[in-house]
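Please keep the sequence and the structure in view while reading.

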Amino acid sequence: MGSAVSSAASEHRLSRLPADTTSFVGRRNELAELRRMLSESRMVTLTGVGGVGKTRLATRLATVVRRAFPDGVWVVELAEVEKPELLAATVMEALEIRDHSHRPSADVLVEHLRDKHMLVVLDNCEHLHDECAVLAERLLRSASHLRILATSRHVLGIAGEQTLSVPPLSLNSLDPRGTARPPPMSEAVHLFADRARSVVPDFAVTGANRAAVERVCRRLDGLPLAIELAAVRLRVLSVDQLLDRLDDRFRLLTGGSRAVLPRHQTLRALIDWSHLLCTEPERVLWRRMSVFAGGCDLEAAEDVCSGDGILRADVVDLIAALVEKSILSREDHGGVVRYRLLESIRQYGRERLAEAGQTARFRRRHRDYYGRLAAEARVRLFGPDQIAWLDRLQVEHANLRTALDYCLSAPGEVGAALRMGADLLYHWITSFYLAEGRRWMDRALALDTGADEVRARALWSNGWLAIIQGDLDGAAAMLAESRAIGERLGCGDVLGYVALYSGMIAMFRQDADAAIGLYEEAVERHVAAGDPVGQALALIRLSLAHSFLGDSALAVSIGEQGIAVCEAHGEGWHRAYALMALGVEVWRQGDAARATAMEQESLRFNRSLDDPLGLGVNLEVLAWVAATEEQHARAARLLGIAHSVWKAVGAVLSGYGHLVRYHDACVDDTRRALGEQAFRAEFERGAGLPGEDGLAYALNEAAPADAGDEDVEEPSPLTPRETQIARLVAEGESNKKIAATLVISQRTVEGHIEHIMNKLGFNSRVQIAGWVHDRGRETGPGPGG
């Protein structure tokens, strides 16, 4: 099975812009200069001290210029990437590039970007300075239409790079004598007032408090992060009290010096002050929460951070206090609230944790929690909670990565890495992380010297990753070692999976008889072990193998058994693959209508999970069916749609190589029936469809009504799927309800709504609803009639 991620089409997207509900203040001059520089140079770097607003400026520019880049503007957040070797993989993830090959990630990036007209924002490069410079230079050299905007505390130093040093926000003179009226408010004061109103709604800069506000901003050197942290104090202090305490704290923290402080020291001093204003339990929680990467939910914070003076029941109140003090930021993820430390504040907390001598202890507790999460996910993934658990692992990926890193860096923890890596098998193959999962597993297996059941399970798990990547020799070697351990220990479940994946290798090598024997062994062992996951996988593959040999009755019977196992457990993903496999045989028997129904049902589920490998196989079979029904134009277009998916996956029918003969026959028959020119035209038409439109075509879903009335001045900027979702938003439907209506995942709905807001320049669902109602005459009735 393949990776489950967002739609294969990446055109016209703005990916992963940080969601920010606060207004953007000032920076008009910097934005204008940055646009000019980006028009003249393909590499621009924003430099400046921490907290000066480099990221906000870069993402603001990305929003402003996104329409100028046909292949999108993509933001790659690097703050959480601590290992240089993960840089290229992280860029691939942000650009939604799927690749199951064993090639270096940088090579895949070069190939993917070669002809793209896009802007890539590399945010927070300073800790990966050299690696970012090398990667950026290589990408720019090989992709002539690519532009890169980087943020870093240091210039990257590559050829052709232009740099813009981001200054603090502007400040007015504190002594405006000689003017007839006070000068306009500075950018710094505007920001202070804006953020102050978020905690004191009726706050305003007046003649009475303006001088004090200016002094506060000046004492903070106009640093945006510092101003925001200070403004929140107005919840309990007046501006004058804030100024007095700020002066006292700076004097204390600098040993009494009245000299102007370097900006970085000023920011640190403010964080020091924020730390001192916290209660001792709040400080303890702050430093303990610094072990999380990418944030955490309440359950994780309670589990990892409680004890030793903090009761579990008190964690929620302490989190609330830290949110109130702007130490923690609150984020909503699909109905679950998560909490994140800004990176500067997180680094400060890690230093405090180290000073307390507790880093190793709480990193281990963090690892233990995510180890248990991975183990539970493995148990829960075969059943009705499957999509929810896959989504949860996706959200927690940065923490899973951090936990694995601890396992491989701390003495005596390699076994835990093997166990956790194997537990995350479906996470690796249903997301952007297949190659990364292989790397973690390879590292752990190289460090491990044992021969126990944990290593055996890690070997067959990594063997499946290798098979998907096409590394059959590597997979065979790992499976052989796993089999030897399983036989010595008498582990029937291990031997069952070894037989299953060895059967896959045999089918790759066109040895169907050997594959059938291995699959039958796998079924027998998994039934004996009471393992429905292995049983379902083995039955799916066994059905395909019998179909390959022409044993129709056995292929159908075994395929139906696989479906029954899945349905007995309320499982959807494996069932979709079982339907796909059965559909192949039903098509071979000549029942085109039933085969089409099976493949389309499977396709709908794979679309809900955004599984490109599953989508690719479904599209292939639907093309084969169309060709045998002499619907040659439709077959050619479906082949084109499938081609776009296979480009993202890395190989045609990856993991199902024995089916390539049907693909080749379909191409030959369709080209012969249509002629080369017509075949190529339909193929390219399918390949050029946006991902959602291509799937809608394959499912025979009616295209949304054209907005082509004479009095419409310009076409909708939204894709048909986005228009459909916008209508449902206008009808007041929740993301969960929209997902259920359209048979897609809630995560996909959230992504579409983010794209809609980006395209329309909106920041609320109410604005989307108003836009839909304004266009009601052109767009026609919504999905509900």
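## A buried methionine

A residue is called buried when its relative accessible area is under 20%. The model discussed here is predicted. In this model M420 has a relative accessible area of 2%, so M420 counts as buried.

M420 belongs to helix α18, which covers residues 414-423. Apart from neighbours within four places in sequence, M420 is in contact with Y370, G371, A374, L400, A403 and L404. One of these, Y370, lies 50 residues from M420 in sequence, while the C-alpha atoms of the two residues are 8.5 Å apart in space.

## An antiparallel sheet

Strands of a sheet pair through backbone hydrogen bonds, in either a parallel or an antiparallel manner. Here, three strands make up an open sheet with the order β7-β9-β8, and their pairing is antiparallel. The edge strands, β7 (296-297) and β8 (328-333), each pair on one side only.

Strand β9 (residues 336-341) is joined to β8 by six bridges. As an example, E331 has R338 in β9 as its bridge partner.

## Two packed helices

Two packed helices are described by the angle between their axes and the distance between the axes. The axes of helix α20 (residues 434-447) and helix α21 (residues 453-469) come within 10 Å and cross at roughly 145°. The crossing of α20 with α21 is left-handed.

The residues of this contact comprise nine nonpolar, four polar and three charged ones. Among them are L434, M441 and L445 in α20, and L459, L465 and I468 in α21.

Definitions and conventions. Residues numbered from 1 in each chain as written. Predicted model: local features only at pLDDT ≥ 70, side-chain atom pairs only at ≥ 80, totals over all residues. Heavy atoms only, no water. Pairing = 2+ DSSP bridges. Helix = DSSP H or I, 4+ residues; strand = E, 2+ residues; numbered from the N terminus. Buried < 20%, exposed > 50% of the residue type's maximum accessible area, 1.4 Å probe, protein only. Contact = heavy atoms within 4.5 Å. Axes fitted to C-alpha atoms, helices over the stretch in contact; angles between N-to-C directions. Left-handed = near helix turned anticlockwise from the far one by under 90°. Nonpolar A, V, L, I, M, F, W, Y, C, P; charged D, E, K, R; others polar.
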